[in-house]
Amino acid sequence: MTTQLGGNAPKGRGAVSICGSAAGRDQPRRRSTRTTAYAPFVTRRLLLGGAQTVGVVLLVFALTEALPGDAAVALAGDQPDPARIAAIREAMDLDRPAYERLADWATGLLHGDFGTSLASGRPVTQYITDAFGPTLLLATLTLALLVPLGFGLGVLAARHEGRLVDRLVSSVTLAVYAVPEFALGVLLVTVLALKLAWLPPTAVGYGTDLLGHPAALVLPVLVLLSRPVCSLSRLVRAGMIDALASPYAAHARRYGVPGARVRYAHALPNALAPAAQQLARTVDWLLCGVIVVEALFVIPGLGTVLLNAVAERDVPVVQGLAVVFGVLTVLLNLGADLVAHRLTPRAGVAA
Amino acid sequence: MSRGTDTPLVELRELRVEIDGRAIVDGVDLRVLPGKVTALVGASGSGKTTTGLALLGEYPPGASVSGEVLRAGSEPVGYIPQHPAAVLNPARRVRALLDDIARPQVRHLPRAERRQAARALVLRALEDAQLPDAEALLRRHPHQLSGGQQQRVVLAQALLLGARVIVADEPTTGQDALTKSRIVEQLAAVAARGIAVVLLSHDLDVVHALADEVLVMREGRVVESGPVERLWTAPRHEWTRRLLDDRRAAPQHGTAVGAGRPVLEVRDLTAVHDRRTVVLRASDLALHPGECVAVVGRSGSGKTTLARCLAGLHSDHDGELLLDGTPLPRSLRHRDRSQLAAVQYVFQDARAAFDEHRPVLHQVARTAVRLRGADERAATAEASATLNRLGLPEALAQRRPGALSGGELQRAALARALLARPRVLICDEVTSGLDTVTRRGILDVLAGLVGEGDDLSLVLITHDLDTARLAHRIAVLDAGEVVEQGPTRKVLTDPRHPFTTALMRTTERLETGTPL
Amino acid sequence: MTTYHVTTYRRFALGLTVVAVPLALALLGPLFAGDPGPRAVSFTLGGDHWLGTDFVGRDVWHQVLLGGRTVVLTALAATALAYLVAVPVALVSALTRVRRLEELLMRPLDVLLAVPSLLLILLVASVFSPGAAGLALLVALVNVPDAARIVRAAAGEAAARPAVEALRMQGESWWRIAVGYVGRSALRTLAADAGIRLTGVLYLVSTAAFLGVGVAPDAADWAVMVDRNRTGLMVQPWAVVVPALLIVALTMGTNLLFDAAFAPRVVPRVAPPEVPRGGVGRLRPRWGWSRRSPRPQGGALRKGGRQP
Amino acid sequence: MYDERFPALRRRGFLAATSGAAALALVGCAGGTDDKAESTSGSPKRGGRLRAAFAGGGASETLDPHLANLFADVARAKALYDKLADYGADLSAQPRLAEKWASNKTLDRWQVTLRQATFHDGRPVTAKDVLYSYRRIADPKQAFRAKASLEPLDLDASRATGERSIEFVLKRPTAEFPNVLAAFGAYIVPENATGFDDKPVGSGPFRFVSFAPGRSAVFRRNDDYWDGAPHLDEIEFVVANEESARVNALLGGQVEYAHELNPTTARAHEAGGQIDIVRLRNSAMQAFCMKTDRAPFDDKRVREAFFLIADRKELVDGALSGAGEVGNDLFGKGYEYYAADLPQREQDLDKARALLKKAGAEKLKVTLDTSAVAAGFTEAAGIFRDQAAKAGVTIDVKMGSKDSYWSDILDNGTLCCYRSGAMPIEAHLSQRLLTDSTTNATKWHHKDFDALYQQAQSTRDKTARAAVYERMQRRLYTEGGFLIWGFADWIIGTARTVKGVETKAPANTLDWARFDKVWLA
């Protein structure tokens, strides 16, 4: 198979791939252990994921601790009376060494306790649960549209490779891909919401009840979609072009399988594995990349909470979110790896 | 067109296929008759595949085609490519395409019955393709199948399609004798069902065993055609004669050299894969100076592992390797220059073993530079001389690997190894996948090397008894064990182990073209 | 096949054209910028100011001339730096047989990969408040894991080919194998990746600038200009539109260029006996030899992903 | 003030170092002048719901009025609670819950009488509630912002002398005691009140309905409000940290009131007629702050040279986009006691160079600390850098962290950007310019200056006191550490239907964000 653009289609992991004329190669091959290999693979990945999460938390803790000022200074703000800062610091237990606080927090975490916010004294879990809804909603909606759109455009372009449609899709996706969200957001709001007044410009005041105001979701989702759709469709296009030009697609056509079926049932699955990886990365990105969108459209999601917490040096909240991000990232990537593992085209034979 | 036995199902008339003004196929006439096996014979690049695909109505991209392709009716043509894995969708289960092929055939049935009927059709096709345990097989992915199974699945697709003509492209290339015979058997069965088989092959044994009609192709033209027996007994064209002649057995070295201290010894070798799966046990093997030993076995028998152990490419093993009585480090990373030079290895796939970005000559010369400390100029001169001796002109050698054919590259690979002035040269399936003429050339080179008498010892790894004839001694490997070992003549004429016997018998059968 | 090449060249030319304007402005602009001139009231149009004034009353055209250099240089430096780390790591881990060494090299990158890149940049940036060089370093750091994976995969494929064993057999040095062969084989992948990575880096750099990291908030920098001047979008659009278009042109042009330059071509081979010729013009058999034990490798799989 | 760059990133706008320790005070001067704004056209209409967008504090927001830190906090606190006094447009204390106050001769005992008012639950506001609130604020274990402001009070000695009368005992004479009552965050909560996020009860014009931290707070009209029931049925405070989001929401009709807009936004929409722009003049002092205790600013000639380097018009035009007035190195333009007679300082580069030469500070190099903590800071720093270059002074602009900026610049560096919200001039002096001031960012330590301040606090006669303040300001004008180059407007956008928005009151004063006087036409 030709690997398009940088050979970044995942390589098969399990089987020895010996397509080509190497059929006579007689190196003993392991019998395929695909199904049985799942469990150790998942375990390994989960262990790695656990380590990753711990790493992320430690990294974030170290970084947050290293930030200039602490929660007391941040709270004191423009009233930096040293005595007041000292008092706040004491009230927040910030006078204890960092590692002790980390250890306490970690112990709590083992019991499922994320700790309480330094800034407000409310439980961190409340912060997370409150902010998770909007972010999740945005991410889900974006994904729900991203998948058909990205695949559709990719397949469309691949189908008309080199022709007008392909060039149109390719250049538009390229152009949009190059536009940073903040610029696109400003543009869309100005045109669609303010000039044409088709859509509400922000989600202000809707709080968590975004579903009740679907119109307010259109612009944020559009902005969120813009870049992932481009990268996904480009990836799918590349994969599809390879797959459509492959001998197995030619074989299916040769045997009278209709074009659409060749495209979607036979060629597309081969373009799925890299796309699945891309999707995982996208979701990962959605969770933090919404920062810009959340700010622009006033959506009180995880990104907002995180940045606020960083600004407030609210270490427990930052840590709690780091755990959430870490776990999500790990799970997503695991999922994507499993999908890819399942879908990765593997040439070769079993002994 | 009526459908008599002598009415061709597909007929090519004056077919000419051109790419960029160069004719790949030039004036080919071909009649494909039901129930008959028509073989297209020729070296690589002679236009066999293009002709074969023309029967399917397919041409290379950018080709201009003239001539006529006449087809009787609209029956589809089936195709079994050289690498069946290539046409099996790696991301879908085996069932996927079979179901899609069966679907239109059950369209006339009520919706509820379709699925059942389609499944029945699929199962029958698999059965016809001699695939047992079809239900389980349908749920597998192509890479979970063996090479033979893959080929039969592709055949089943053609049968399911109701193909009246099946084009099989090099179905036996690189296969050992037992596998070959099974493929021959299978294709014969297909022909017996009244299906026309077009066999594209350079394997003359298989052609002889299977074909009714043979067309000998060279450089896009049919140089000779006729019934197989006539061609074999009385070839008219010079090229046909050469082809057939090359098929004859390689010279045998009568006597084993066996005396004196062995140059390379293997003691209690147990090689494992993945740290646990034992793939090879070789308790005692010795190679004497000037001796040529062939290691014969089927795919997966462990012969390549053995070769790689010797070469230091597979270090995951127990036991000892002795070079001139002194232990040889297991991994070639730990071997010093002289040790590296002493044991050289030639890869099965010459193309993959060359750096595609550098001229061949340069790469060959590096051996002398690195392993013998020769300076650049001397090394290049020596490389050029060696390549010349092996039949590779300098002009060609100065090009990059992409510009050379497989056979030429294999010669270059040999030259590269020889430049180290090795004591032991390990050749891993160096002739498999090459057409007869090319293979002949390589074998001649090898024979020459052994005959030169400068005490170069050869280890030939092969599945091909024909090649093994070159050796003084033969070791037969099966399932990771050395099952038989002895002088070539003895092993070939009086095989002890049942496995060797089976291997011998099928080989002979194929050679003599005995119908199965 | 000829049509294919024609479009390739056309795309190449198109990319070159698109990228030329911003690149020329970025690199040559500072030479022609001259004296900034007196400040005027912010966000005005007309008068002596061809493109009006910006949020602190400076001439927008003057700022445009000055503002490309940081964006372009930071992005280029960051991309180069990322590969400077990623390539050696990838080559070593592709060529080593010591599993532990590979784990040691690649696993920490996995951890880095689990941290959302923007968050990492924001945090680190607020700790160290870096300048443009620091930002380049930071963006490079964020890109290392992904780049390393991609190079690792490409290098891994090359490293598993018999050619490497043949080179070892010839007693070639590690360097020559790693750089001369494996590195070179991965070059194409690397170049193709670099095109996309550069776009990603440009995006990160400009978004970071938008978030106020790495560059002074009133710096002459296209990304900063887009951000800071957008308050005046209604009054004075040019201060936003011109730099924004330049950024888009830069990324888009770069991408077109790399796309065209490294689009997979059908490599014509003389007499390739192994390649079946019919109907499979694009097929290049992949010689995936797996000398090593098959190992489930998150790495090989993850690399498909890149930042959207 | 809010910096419009990236919302959540930067600190939500701190109420510019407002009040804080409005320590000492003047007597009398009660009697609020009710300047109602011009925009108060037509007669008030009852009913409707107003949505007001503020920059907020995210998920950590609280309704505890004593924790109020941000404009959003104060606006909400103001809707639910009352203070005993609050600032008028000229920053003089106006009575609110306090009906009247009077001091003894020595100005260290004050009698305060409460007006008749009730909490939302019907209980009357009593002296006990006041004492509870003040003691809660002053609790040594807590760190409420207003604690420093209440410092002059001896709360142990102070007592309720009746249901609605209190005698406050002070630690020292405090002529400006009413400023203490008006202190930022000194809200009166019911006795023993704790837990303010769940159904908080106050005496303010609105009653609590709902609150989601970082998102919205909904309050309903308090029909029994002592100062007359609000016109609005309901008010909703929504949080939108990004300025563009607030504007967009306003333009899109999603809110009717958007607090804190950019000058550019104002300019773009002032003439457009889609929305109304309200500019609250003199709301935020803009300054560079020189540390007078260290080189090079320990030499008053260098300080004066810097005064002369600044082209204030250019700074206002560039950094404030023209939305403001030039400053004269004195705090509190337009406020009570402001020394308006001093000549306006202009840029004079020759004289500045001469002064620097005299001080031996030619080719001076200074680092100017700034941060994106407030709008205009970085812009001002850049502009001033360019201006200083013309006088041969090299200024290196150093960006600091937003989140710890105020703490960082308090003791470190030599030159920094500074800003202050509206507060009485007396509070500015006491908080920033006395030897023991807690936020003395210019390190202005002068015993004679301290003495002048004490003299003012012990002077009952207002004219005499004004004369003392004038002397102090004259000194600061000549050789102080604050280079006050401008006063920024505070810009608010409202829907055209919103009436009754006060336009004269600087931010932080009584009539700013006073939604009980607003109605929807």
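The model is predicted, and local features need pLDDT of at least 70, side-chain atom pairs count only at pLDDT 80 or more, and totals for chains, interfaces and linings use all residues. Residues are numbered from 1 along each chain as its sequence is written, while chains are lettered from A and ligands numbered from 1 in the order in which they are written.

**Chain A as a whole**

Select chain A. It holds 13 helices and zero strands, where helices (H or I, at least four residues) and strands (E, at least two) are DSSP runs numbered from the N terminus. Of its 351 residues, 63% are buried; a residue is buried if 20 or more other C-beta atoms lie within 10 Å of its own, exposed if 12 or fewer, and partly exposed in between, with C-beta atoms placed from the backbone. Among the contacts of chain A between residues at least 6 apart in sequence, 74% join residues at least 24 apart. Two residues are in contact if their C-beta atoms, placed from the backbone, lie within 7 Å.

**Two helices in chain A**

Next, select residues 181-195 and 214-244 of chain A, which are helices α8 and α9. Their axes come within 10 Å and cross at roughly 140 degrees. Axes are lines fitted to C-alpha atoms, for helices over the stretch in contact, and angles run from 0 to 180 degrees between N-to-C directions. That angle makes α8(A) oblique to α9(A); under 35 degrees counts as roughly parallel, over 145 as roughly antiparallel, 65 to 115 as roughly perpendicular and the rest as oblique.

To see the contact, show side chains in α8(A), including L184(A), L188(A) and L192(A), and in α9(A), including L219(A), L222(A) and R227(A). By class, this contact has eight nonpolar, two polar and two charged residues. Ala, Val, Leu, Ile, Met, Phe, Trp, Tyr, Cys and Pro count as nonpolar, Asp, Glu, Lys and Arg as charged, and the others, Gly among them, as polar.

**Two helices in chain B**

Move to chain B and select α3 (residues 94-102) and α6 (residues 147-161). Here the axes come within 9 Å and cross at roughly 10 degrees, which makes α3(B) roughly parallel to α6(B). V94(B), L97(B), L98(B), I101(B) and A102(B) of α3(B) meet V153(B), A156(B), Q157(B), L160(B) and L161(B) of α6(B). Nine of the residues in this contact are nonpolar, one is polar and none is charged.

**A sheet in chain D**

In chain D, look for the open sheet of four strands, ordered β5-β6-β8-β7 with antiparallel pairing. Two strands pair if DSSP finds at least two bridges between them. β5 (98-103) and β7 (159-162) stand at the edges with a single partner strand each, so one side of each has no neighbour in the sheet. Neighbouring strands are turned by 25 degrees against each other on average, direction ignored.

Zoom in on β7(D) and β8(D) (residues 165-169), which pair over three bridges. A hairpin of two residues joins β7(D) to β8(D). Across the pair, R159(D) stands opposite E167(D), and A160(D) stands opposite I166(D).

**Where chains D and A touch**

Finally, show chains D and A together: the contact takes 45 residues from chain D and 43 residues from chain A. On the chain D side, β1 (49-54), β12 (234-239), α4 (243-251) and α10 (405-411) each supply at least two residues. That side divides into 20 nonpolar, 16 polar and nine charged residues.
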